[in-house]
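Keep the 3D view open and turn it as you read.

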Amino acid sequence: MTQPPILRVDHLKAHFRSSYFGVYREVPAVDDISFDVQPNEIFGLAGESSSGKTTLMKTIAGLIAPPLELIGGNAQFSFMPPATNLYGADPTQLARIRWSRLSYIMQGSMNVLNPLRQIRSIFRDFAAVHLGGSKSDFETKTANHLSRLRLDPSVLDAYPHELSGGMRQRVTIALATICRPDFIIADEPTTALDVIVQKEVLGMIRSIQREMGSSVLFVTHDMGVHAALTDKLGIMYAGCLVEVGRTVDIFNAPQHPYTRHLIHSLPRIGDTVQRTGLTGTPPNLANPPSGCRFHPRCPLASDICTVERPVMRQVAPEQRVACHAVAGADA
Amino acid sequence: MTALLTLNNVSKSFTRGGLLSRHRIEAVKNVSFTIDNNRPEIFAIIGESGSGKTTLARMILGMQEVSGGSLTLEGNRVGGRTRKERLAFMAKVQPIFQNPFEAFNPLKKIDYYLLMTAMRFGGAADGAEAEAAADTALRQVGLSLSEVRGRFPHEMSGGQLQRVAIARALVSKPRLIIADEPVSMVDASLRMAIVNLFGELRDKLGLSIIYITHDLATAYYIADRLIIMQKGEVVEAGAAREVLSDPQHPYSRQLRDAVLSPQVTAPISIK
């Protein structure tokens with residue numbers, strides 16, 4: 001705990017802003033989010049579709065392009081020189097950092113790999129400039145790294161379409177980890193895979209992360225994956241972070257009513273308890289509810305929830321929750 | 001006992017390739033099961049992608065010809081031969097698809113689908129009858145016609161739209177619903193509401209539902225019987241909870257062990 005965090009996200013705000021034909025729209029997809037990621041840690045981020053998970057990832061990775069705009073706050077990586085961040089850095093500096101220190105495992109491996117290039121060329125495109133060395137050195141390094149993910153070096157000669165979904169996903173993991181980056185952002189890397197392959201791929205992400213000691217920010221909506229893989233967990237709802245804590249604590253003692261519902265609604269094999277869905281519908285981010293964004297669906301909602309937005313409060317040594325009802329009970 | 005749906009050694013093969021490189025792909029091989037007319041149930045078909053689940057569903061819906069075996073609904077050939085037979089068949093068997101946003105044309109209003117189904121399959125003679133049928137069906141899923149009238153698909157959430165898709169399937173008062181991955185695109189907070197709705201439809205309306213999924217946990221939760229498919233073949237069949245509590249076939253065991261339970265126990269193995 002004495003180590004400084006590798007990533008400190010501080011009141012980060014990013015909105016989609018558009019103005020066409022005089023109609024102005026502002027969608028607060030990332031709204032005042034703060035959390036820390038420690039070195040050698042897998043930080044999970046959960047939330048349903050359109051809760052702003054992917055936008056948060058993009059903002060943290062510095063991939064901000066209109067209509068997405070950074071409104072305020074900061075995401076500071078410890079490997080960046082102090083007082084500079086990804087948003088202010090110049091392009092050459094960014095190019096050095098990207099992939100060698102910060103890499104990205106993307107959703108849908110089919111769409112990530114260029115279908116017209118062999119895996120060998122794809123590796124060269126991404127990593128050769130960072131690893132340096134001669135061409136044959138690079139080839140050996142790549143082959144060694146692939147074997148760590150139990151991929152035969154012959155996949156280097158293959159085109160993406162010749163590989164199965166699981167193999168392609170392992171190739172993208174190999175691609176993201178070959179430069180031994182300090183920080184890896186993984187956006188739903190296993191969602192498109194079958195359960196058996198998924199378990200294998202998750203085990204590989206885990207083992208390679210432990211071996212390199214890097215940190216992973218892992219985004220998925222599948223709570224089973226979070227339970228199996230992550231050390232810490234953040235729960236997002238409608239662009240806000242509602243609860244952060246150790247994964248064990250969140251699963252065993254969820255505090256926020258949304259988290260509580262999310263955990264309790266999951267069916268388990270060997271358990272026949274009646275599970276219920278949440279009433280109401282997920283909010284429209286273009287016109288979010290006032291106060292706490294969860295209040296229209298919340299069983300604990302009171303008057304204050306409709307007007308005042310709850311702030312994050314510490315409820316346990318490593319657990320923070322943004323909820324009026326929970327903070328009231330503990331205060 | 002009368003059988004609602006009977007599959008007897010149903011097979012489907014596709015040929016791929018040109019004149020010289022032709023080869024056959026066996027998508028479904030010798031699948032047999034029966035769904036009883038008097039005992040409505042949720043029958044789950046489980047398998048990974050490429051195991052033939054969807055091909056089987058398309059054959060039951062009459063969207064694809066069987067290449068071997070027989071597939072009958074209440075003793076008649078699935079799909080029917082004439083247009084009249086086909087319409088009568090479609091009124092009895094209705095589909096629900098995976099992604100509700102793709103199932104509805106974004107340029108058409110939602111009530112159009114409900115009213116057209118009522119006119120064509122529900123036997124509604126005029127607009128008023130069609131509206132009454134649509135409203136009844138929507139109320140069975142917890143919505144009403146006044147809520148959805150005039151709205152486009154993009155104005156509804158995924159969970160709501162999937163409910164409308166279920167209501168549309170109910171308009172013609174079917175005996176059997178084929179639901180192909182109906183909750184995998186629905187948000188976690190709404191998923192269980194849809195799954196519970198299937199249980200209600202079975203208990204209240206006496207419908208049988210063929211629930212195709214790769215999610216073993218919801219199958220355990222809601223299904224009565226299930227079959228597990230691998231590469232087109234049924235590897236294990238039986239009562240859902242018995243099979244999933246104690247799978248016998250190596251593939252079923254592997255599948256079950258790969259399910260990540262939402263409980264923090266030991267971290268995933270490093271090996």
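Two strands are said to pair if DSSP finds at least two bridges between them. The strands themselves (E, at least two residues) and the helices (H or I, at least four residues) are DSSP runs, numbered from the N terminus. This is a predicted model, in which local features need pLDDT of at least 70 and side-chain atom pairs count only at pLDDT 80 or more, while totals for chains, interfaces and linings use all residues. Residues are numbered from 1 along each chain as its sequence is written, and chains are lettered from A and ligands numbered from 1 in the order in which they are written.

Begin with chain A. Here 8 strands make an open sheet, in the order β5-β6-β7-β3-β8-β9-β11-β10, with mixed pairing. At the edges stand β5 (102-105) and β10 (313-316) of chain A; each has a single partner strand, so one side of each is left without a neighbour in the sheet. From one strand to the next, the twist averages 20°. For angles such as this one, axes are lines fitted to C-alpha atoms, for helices over the stretch in contact, and the values run from 0 to 180 degrees between N-to-C directions.

Now look at β9 (residues 240-246) of chain A. What covers the count of its buried residues? In β9(A), 6 of the 7 residues are buried, so the strand is mostly covered; a residue is buried if 20 or more other C-beta atoms lie within 10 Å of its own, exposed if 12 or fewer, and partly exposed in between, with C-beta atoms placed from the backbone. On one side, strand β8 (residues 232-237) of chain A runs antiparallel to β9(A), and 6 bridges join the two. Within this pair, A:L233 has A:G245 as its bridge partner. The hairpin of β8(A) and β9(A) has 2 residues between the strands, and A:A238 takes a positive phi near 50° there. β9(A) also pairs with strand β11 (residues 319-321) of chain A, in the antiparallel sense over 2 bridges, and A:V244 has A:R320 as its bridge partner. Moving on to β10(A), you will find 3 bridges joining it to β11(A), again in an antiparallel arrangement; A:R313 stands opposite A:V321.

Helix α1 (residues 53-61) of chain A lies across β3 (42-46), β5, β6 (183-187), β7 (215-219) and β8 of chain A, and runs at about 155° to β6(A). Helix α6 (residues 165-177) of chain A touches β5 and β6 of chain A, its direction making about 175° with that of β5(A).

Turn next to chain B. An open sheet of 6 strands is found here, in the order β6-β7-β8-β3-β9-β10, with mixed pairing. Its edge strands are β6 (93-96) and β10 (233-239) of chain B, each of which pairs on one side only. Neighbouring strands of this sheet are turned by 15° against each other on average, direction ignored. Strand β3 (residues 42-46) and strand β9 (residues 225-230) of chain B pair in the parallel sense over 4 bridges, with B:I227 as the bridge partner of B:I45. Helix α8 (residues 188-205) of chain B lies across β3 and β8 (208-213) of chain B, running at about 155° to β8(B).

Where do the two chains meet? In all, 37 residues of chain A are in contact with 34 residues of chain B, contact meaning that the C-beta atoms of two residues, placed from the backbone, lie within 7 Å. On the chain A side, α7 (195-212), α8 (223-229), α9 (247-252) and α10 (257-264) each supply at least two residues. The largest share, 8 residues, comes from α7(A). By type, the chain A residues that touch chain B divide into 17 nonpolar, 13 polar and 7 charged. In this count, Ala, Val, Leu, Ile, Met, Phe, Trp, Tyr, Cys and Pro are nonpolar, Asp, Glu, Lys and Arg are charged, and the others, Gly among them, are polar.

Finally, here are some backbone details to look up. Most residues other than glycine have a negative phi, and most peptide bonds are trans. A:H11, in strand β1 (residues 7-20) of chain A, has a positive phi of about 45° although it is not a glycine. With 12 C-beta neighbours inside 10 Å, A:H11 counts as exposed. In chain B, the phi of B:K231 is also positive, near 50°; B:K231 sits in the loop between β9 and β10 of chain B and counts as partly exposed, with 15 C-beta neighbours inside 10 Å. A cis peptide bond joins A:P66 and A:P67, with omega about 5°, and A:P67 is found in the loop between α1 and β4 (68-77) of chain A.
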